[in-house]
Each structure stands twice: as C-alpha cells, then as structure tokens.
Amino acid sequence: MTLTPSPASKRGVTHFPKSRSALLLTLDVTVQLKKRHGDILRIEADDYIQNHLPIRLLDLSTMALVDRKKLQNHISEKIEGGHFLCEEVNCRCIDRIKEELKYSILSHRWGSSEITFSEFGKLHEQATRGYWENTISFNASILKKMQDLQDGIQFKTSLVKLHHFQEVSVQRQCKYGWVDTVCINKESSAELDESIRSMYAWYRDSQLCVVHLAQTSWSVDMKDDPWFTRGWTLQELLAPKQIKFFSASWEAITRRENDKALDSAERQTAKEGKDSPPLWSTINKITGVPIDDLLDFKPGLYDIGKRMVWASKRRTTRVEDMAYCLIGIFCVNLSIAYGEKEGAFYRLQAEIMQNSDDRSLLDWQGPASAYNSMFAASPQCFSQALGLTTDENHPTSPDHISHSSVNFERRMSLIVYNISEVPDLASRYPGPTAFTILGRSVSKPEQCVLMILGQIGGRQRYKRLAVIEEKIVEEDLSKKGPSEIIIKWCVSPRMINTIEAAFETSIESARALFVCKSTNV
C-alpha cells in the first residue's frame with residue numbers, strides 16, 4: 001500500500017486511510033447512537049406531553065382540536081426525521097420539543113352563548129368538509145365559515161373571541177392554544193376532574209395568558225369589569241408567568257409584550273400608584289392582592305388568611321367551585337364532587353389544616369360551616385378577618401405542624417385558658433367558656449386576636465363562639481389552668497354519625513368544634 005503524504009506526516013504523524021469495513025462500522029455505530037438518542041428523546045417527550053400539557057389543545061393553524069396522542073405522534077414523526085437532535089454540548093433536545101409545543105391560554109368571562117367542546121367539534125367538521133387540510137390558512141377562514149353556518153350563528157360572539165385569541169397567539173409564535181370552553185369535554189367526569197386539578201399548572205406553564213376584559217375600554221375602566229369578580233380568574237391572574245391584557249375591542253392595554261415583565265423601578269412605581277398606564281396599581285386596588293404577589297406569585301400554604309381574603313371578593317356560579325378554584329393557589333389535593341355544595345369548602349379547610357399550622361385559617365367572621373364550627377361556611381367569611389401578625393410565638397408557617405397518630409391525621413395544637421382569667425371577658429361570655437390566643441392583631445399590635453370557645457357536653461369538647469381583639473398580657477395568665485389542646489374535625493359529612501356514637505353526644509354537638517385535652521402546660 002502506498003502511503004499518501006499529508007500535512008500531518010510532515011510533522012512526524014502518518015495517517016492511514018480507513019478501510020471500507022471500518023467506515024461502515026463507524027457509520028453503523030453512528031446510526032445506532034442516533035436511534036438510541038431518538039428513543040430516549042421520544043420517552044422524554046411522551047412524559048412531557050402526558051404530564052405537563054393540557055388534555056387537548058387547539059392547533060392554531062387549522063383550529064382543529066388535537067389530543068395528547070396526536071401530539072405524541074406528531075413529535076415522534078419529527079424525531080424520526082432527525083428534528084430536535086443536537087450535538088452541541090450544552091444543548092437539551094427536550095427544550096426544543098417544549099419550544100415546538102408551547103401554547104397560549106385564554107382567560108375570559110363566559111358569555112351567554114359560549115360554544116362547547118361537542119358543538120365546536122361538529123361545527124369544525126362541517127366547516128372543513130371538502131377542504132384539503134393544507135389549504136386552510138391561519139387567517140381564520142375556518143372560523144369565519146363556522147360563523148356563517150346555520151348552526152354557528154348562535155355562537156358568533158364566541159367564535160369571534162376565538163378568532164382574536166388565535167390572531168394574538170400566532171403573532172407571538174404560539175402554534176397551539178387552550179380555551180376552556182372548547183378544550184374540556186365536560187361530559188367526561190374523569191376529564192373534568194383532571195382539568196380542575198391541573199388548571200393552575202396549565203396557566204402557569206403557558207407561553208402566554210391572553211386576558212380578554214369584555215367590559216373594559218381602558219385601564220381606568222377595569223374596576224367595573226366582572227372578570228375581577230369571578231372565582232376562577234383569581235388563579236388565572238396569579239399563575240401565568242407571562243400575561244397580556246386586552247380590552248373589549250381587543251386593543252392591548254399596555255405596549256409591553258408581557259404585562260408582568262416589570263423591572264424593580266417599574267414595580268416600585270406601580271406600588272406607589274404612579275405606573276402609566278395604571279395597570280397593576282389599578283388591579284392591586286381592585287383585588288387587594290399586593291403588587292409582588294400579582295407579578296410573582298408562589299402557591300402553597302403561606303399567608304392562608306390573606307389569600308382567603310382575596311377569594312372573599314369573588315363569586316362562582318356553582319357553590320363547589322368556590323373551593324375548587326383555590327386548589328392550585330393553596331397547592332392542596334382535593335377530589336372533585338359536584339353536588340356536595342358547601343361541603344367542598346369545608347373539605348378544603350380541613351385539607352389545609354392537615355398540612356399547615358397557620359392560625360389565620362381560624363380568623364374569620366360570620367356563619368360557621370354546617371360540619372364544624374371551627375371552619376367558615378364560605379370564603380366570604382374572611383372578608384372581615386381581623387388579621388394576624390407572624391412572629392415566633394404564634395407561627396403561621398407550614399414548618400410548625402403538630403402531628404398525631406389518632407385517625408392518621410395532623411392536628412393544630414393551641415393553648416386554652418379559662419375565661420375567668422380575664423374578668424371582662426367572663427362578663428361578656430358567661431357560662432362554661434374558655435379562650436385561646438391565635439396571635440397579635442395586625443391593625444392593633446398591642447392587642448391579641450382571641451378565639452372564644454364554649455364547652456359542649458363535657459370538659460373536653462368545645463365549639464367556636466367568636467373571634468375578637470382584646471388586650472391580653474400572656475405572661476400574666478395562670479400557668480396552672482391552661483392545657484394544650486388538639487383540634488379535631490369530622491373527616492367528612494358522612495362521618496357525623498360515627499362521631500356521634502364515639503362521643504355519645506348529639507348530632508348538633510358532633511358538628512361543633514371538637515378538642516381533645518392533652519398534657520397540662
């Protein structure tokens with residue numbers, strides 16, 4: 001074999017040409033590696049689609065509904081064709097797939113003639129009958145035809161809204177969109193359950209949340225828009241990282257691409273009410289939500305009382321939704337059971353207490369839950385909350401949780417004092433009563449927020465009578481009388497009869513606040 005000189009040979013290095021078999025082997029290894037890479041990427045893509053994307057999305061180029069299976073097939077075909085593969089060291093191929101699947105999401109107030117999932121599917125089929133898919137352009141020709149169909153005339157307002165949402169989304173490079181009215185099949189209880197539980201995450205993970213304020217002409221008119229009074233729109237306001245507000249005529253309220261993209265100076269200006277246009281300062285006044293929470297909200301069991309106050313200003317058509325719309329905000333797990341009415345908010349509070357020792361959950365005024373006197377009947381009871389400060393003596397953080405093995409539940413531990421310790425209180429609340437200190441008042445720091453308890457049936461059972469502000473010096477209270485107590489609640493309304501038998505008391509008492517005495521303090 002004759003050696004071929006090369007620049008490298010002049011430096012004392014001789015390169016031999018590879019044989020045909022070696023080249024084929026190298027090529028085969030490369031193909032196998034790419035196949036393996038593609039298989040791994042396909043698994044990552046399937047996981048992302050199944051666990052992080054909505055159940056179905058709108059393909060904004062055709063306005064067709066596509067479910068997760070279709071998205072998986074679409075991405076799989078692209079992976080097979082060599083898309084998304086990257087040989088750069090710091091390149092994450094899954095990020096390319098996420099970019100391909102990014103979606104916008106609509107937040108709006110439902111009108112009287114909103115089109116549903118099944119109605120949209122039928123109209124879309126009629127509108128595209130006889131069309132080749134590749135002739136359908138994004139310019140809403142399909143939506144226009146759907147409006148002109150006899151069956152679509154009644155949904156014209158809803159379809160016009162979809163048309164504007166489509167235009168806004170495509171202008172911001174989103175290939176997919178999600179609209180609750182047409183993307184959720186409410187006839188499927190399993191799908192409805194998953195959608196309600198996942199709603200917060202879907203809004204948070206969207207590329208852009210498009211907010212349509214149907215009764216707003218400019219930012220100064222927002223205070224009268226019903227969008228700010230609805231229960232579901234609270235999480236739709238807080239969850240998205242990128243949000244864009246539009247007026248009734250679909251004019252952008254501000255010139256920003258993302259209305260939440262404020263620097264520190266702009267945040268401070270909004271807090272001072274000097275932002276122009278006055279978007280966030282106005283929303284702050286309407287909702288009572290601090291600017292920092294509006295722009296960068298963190299869900300979880302923090303500031304429970306304050307978040308209940310935000311919810312107290314809102315309403316839902318279904319009673320149960322007043323609890324379900326708060327699942328994502330508090331980051332709790334709650335099963336969906338339409339028909340339980342006020343029981344849903346009772347279960348929400350019980351779930352919160354099982355995972356948090358935040359005493360602001362007990363700071364409310366008004367009617368008590370029918371299932372337990374400790375819990376409020378609705379979020380509206382928190383509108384007159386006295387407000388608690390956070391300090392070391394009265395923790396309001398999930399880190400301070402009292403555990404109990406009884407009934408496999410977590411309980412909140414409080415200290416109960418005999419009301420005779422404070423003569424003025426004893427005169428106002430006669431009878432076998434006691435009180436516990438929830439914390440210091442926000443508006444009157446020199447005073448404590450007390451929960452007055454009335455004994456029922458026996459020494460170890462109490463019910464909530466009131467929450468008041470009172471000047472109390474804890475150091476002056478007797479250390480002999482008080483005992484540490486553990487609040488106990490009914491696991492569910494169906495458990496009332498079981499509790500009645502266990503405590504040998506009446507149904508009325510079973511619905512009251514139960515406390516089990518522990519060791520003396």
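Predicted model: local features only at pLDDT ≥ 70, side-chain atom pairs only at ≥ 80, totals over all residues.
**Helix α14**

I started with helix α14 and looked up which of its residues are buried (under 20% relative accessible area, with over 50% as exposed and partly exposed in between, 1.4 Å probe, protein chains only). In α14, the buried ones are Ile-304, Gly-305, Arg-307, Met-308, Trp-310, Ala-311 and Ser-312. That makes 7 of the 9 residues in this helix, which spans residues 304–312 and is mostly covered. Helices here are DSSP runs of H or I with at least four residues, strands are E runs of at least two, and both are numbered from the N terminus.

What do the buried residues of α14 pack against? I found α10 (232–238), α12 (280–287), α13 (291–295), α15 (321–324), α16 (327–330) and α17. Contact means heavy atoms within 4.5 Å.

Residues are numbered from 1 along each chain as its sequence is written, and side-chain values use heavy atoms, with hydrogens and water left out.

**Whole chain**

The protein chain has 20 helices and 14 strands, and 48% of its 521 residues count as buried. Of the contacts with a separation of 6 or more, 63% are between residues 24 or more positions apart.

**Nonpolar cores**

I then went for the nonpolar cores (sets of buried Ala, Val, Leu, Ile, Met, Phe, Trp, Tyr and Cys residues joined through side-chain atoms within 4.5 Å). In soluble globular proteins, nonpolar side chains tend to be buried together. The largest core has 120 residues, and Trp-178, Phe-245, Trp-280, Met-308 and Leu-326 touch the most other members. Helix α17 (residues 343–355) gives the most to this core, 7 residues. Another core of 14 residues lies apart from it, with Tyr-417, Leu-425, Ile-452 and Ile-468 among them. Met-308 was already on my list of buried α14 residues.

**Largest pocket**

My pocket search ran on a 1 Å grid over the protein atoms alone: a pocket is an open set of points where a 1.4 Å probe fits, with protein on both sides within 12 Å along at least five of seven lines, and lining residues have an atom within 4 Å of a point. The largest pocket holds about 610 Å³ of space, the volume being what is filled by probe spheres set on the points, which are joined across faces, edges and corners.

Which residues lie nearest the centre of the largest pocket? I got Trp-110, Asp-180, Lys-186, Trp-232 and Asp-321, out of 22 lining residues. Two elements give two or more residues to the lining, α9 (189–204) and α10, and the largest share, 4 residues, comes from α9. By class, I noted 9 nonpolar, 5 polar and 8 charged residues in the lining. Nonpolar covers Ala, Val, Leu, Ile, Met, Phe, Trp, Tyr, Cys and Pro, charged covers Asp, Glu, Lys and Arg, and the others, Gly among them, are polar.

**Salt bridges**

I counted 23 salt bridges, each a side-chain nitrogen of Lys or Arg within 4 Å of a carboxyl oxygen of Asp or Glu.

Glu-80 pairs with Arg-42, the closest N and O atoms being 3.2 Å apart. Glu-80 is in helix α3 (residues 68–80) and Arg-42 in helix α2 (residues 20–52), so this pair ties together parts that are 38 residues apart in sequence. Glu-80 is exposed at 63% relative accessible area.

Arg-428 and Glu-470 come to 2.7 Å, N to O. This one links helix α18 (residues 423–428) to strand β12 (residues 458–470), with the partners 42 residues apart. Arg-428 is partly exposed at 41%, whereas Glu-470 is buried at 13%. I also logged a network in which salt bridges that share partners join Asp-39, Arg-42 and Glu-80.

I finished with the backbone. The peptide bond from Ser-276 to Pro-277 is cis, with omega near -5°, and Pro-277 is in the loop between α11 and α12.

Gln-173 is not a glycine but has a positive phi of about 60°. Gln-173 is in the loop between α7 (156–171) and β4 (176–178) and is exposed at 56%. Cys-331 also has a positive phi, near 60°; its loop is between α16 and α17, and Cys-331 is exposed at 56%.
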